[in-house]
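Trainee: I would like to go through this model and check what the terms in its description rest on. Please set each value against its definition.

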Amino acid sequence: MFNDLSSPLTLLQTRRSGKPRDLIAPGPDDAQLRQILEVALRTPDHGKLAPWRFVIVPQDKREKLAEVLEAAYRAEKPEAGRLEIEAMHQFAHQAPTLVVALSKPVAGSKIPVWEQELSAGAAIMNLLHATHALGFAGGWLTGWPSFNDDVRDAFGSADERLAGFVFIGTPSRALEERPRPDYNDIVSTWDR
């Protein structure tokens with residue numbers, strides 16, 4: 001069973017993202033989404049800089065997001081075909097809830113940018129944990145939209161980076177396991 005809510009540890013042990021294209025309503029209501037984002041704010045953050053932020057994209061703004069994605073894609077790839085443009089529209093309309101995560105390192109801080117970027121990733125992971133703890137499924141996507149300046153500018157500024165798009169909803173089909181690394185290939189004991 002994935003996202004087993006019987007205890008905090010079993011939830012972590014069975015955590016599984018949902019594929020955004022397979023997430024349907026219901027998604028979290030406003031109060032639940034606020035809870036999810038408040039958990040994300042409880043992330044390790046050396047220097048108390050909050051070097052990340054979140055933008056909620058409501059359902060009634062998804063078509064506008066699709067237009068932004070299409071325009072940015074066409075500007076970068078003028079020869080784009082119909083299927084590529086449809087993929088941009090599909091991306092924008094996945095799942096009932098969408099939160100855009102931005103990494104916003106604080107310039108001039110004594111805290112290295114790398115640590116601030118790690119904190120942004122941890123904030124997104126906390127967002128996903130809270131999503132799953134409330135009985136929903138979430139999927140964190142990056143891909144082309146996360147690396148395009150025009151898309152970034154729709155949500156932020158040049159000193160920020162799109163850390164990803166977090167889609168939240170209810171799985172429309174059973175979640176499937178994905179290959180996981182073997183413990184012995186990843187974990188070792190330092191012996192110097």
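Mentor: Start with ring pairs: rings of Phe, Tyr and Trp (its six-membered ring) pair if their centres lie within 6.5 Å; planes under 30 degrees apart count as stacked, over 60 as edge-to-face and the rest as tilted. By this rule ring pairs link Phe 91, Phe 155, Phe 165 and Phe 167 into a cluster. The model is predicted, so local features need pLDDT of at least 70 and side-chain atom pairs count only at pLDDT 80 or more, while totals for chains, interfaces and linings use all residues. Residues are numbered from 1 along each chain as its sequence is written, and side-chain values use heavy atoms, with hydrogens and water left out.

Trainee: How many aromatic pairs are there?

Mentor: The count comes to 5 aromatic pairs.

Trainee: Why is the pair of Tyr 73 and Trp 144 called edge-to-face?

Mentor: The ring centres of Tyr 73 and Trp 144 are 4.9 Å apart and the planes stand at 75°, so the pair is edge-to-face. Tyr 73 is in helix α3 and Trp 144 in the loop between β4 (137-141) and α6, 71 residues apart. Helices (H or I, at least four residues) and strands (E, at least two) are DSSP runs, numbered from the N terminus.

Trainee: What makes Phe 91 and Phe 165 an edge-to-face pair?

Mentor: Their rings are 5.1 Å centre to centre, with 85° between the planes. Phe 91 lies in helix α4 and Phe 165 in strand β5 (residues 161-171), so the pair ties together parts that are 74 residues apart in sequence.

Trainee: Why is Gln 94 called buried?

Mentor: Buried means under 20% relative accessible area, exposed over 50%, partly exposed in between (1.4 Å probe, protein chains only). Gln 94 has a relative accessible area of 14%, so it is buried. This residue lies in the loop between α4 and β3. Both Phe 91 and Phe 165 are buried too.

Trainee: How do you know that the span of α3 agrees with its length?

Mentor: The expected span of a helix is 1.5 Å times one less than its number of residues. Helix α3 has 15 residues (62-76) and should span 21 Å; its end C-alpha atoms are 21 Å apart, so the two agree.

Trainee: Why are the buried residues of α3 said to line one face of the helix?

Mentor: Seen down the axis of α3, they fall within an arc of 135°, so they line one face. The arc is that of the directions from the helix axis to the C-beta atoms. The buried residues are Arg 62, Leu 65, Ala 66, Leu 69, Ala 72 and Tyr 73.
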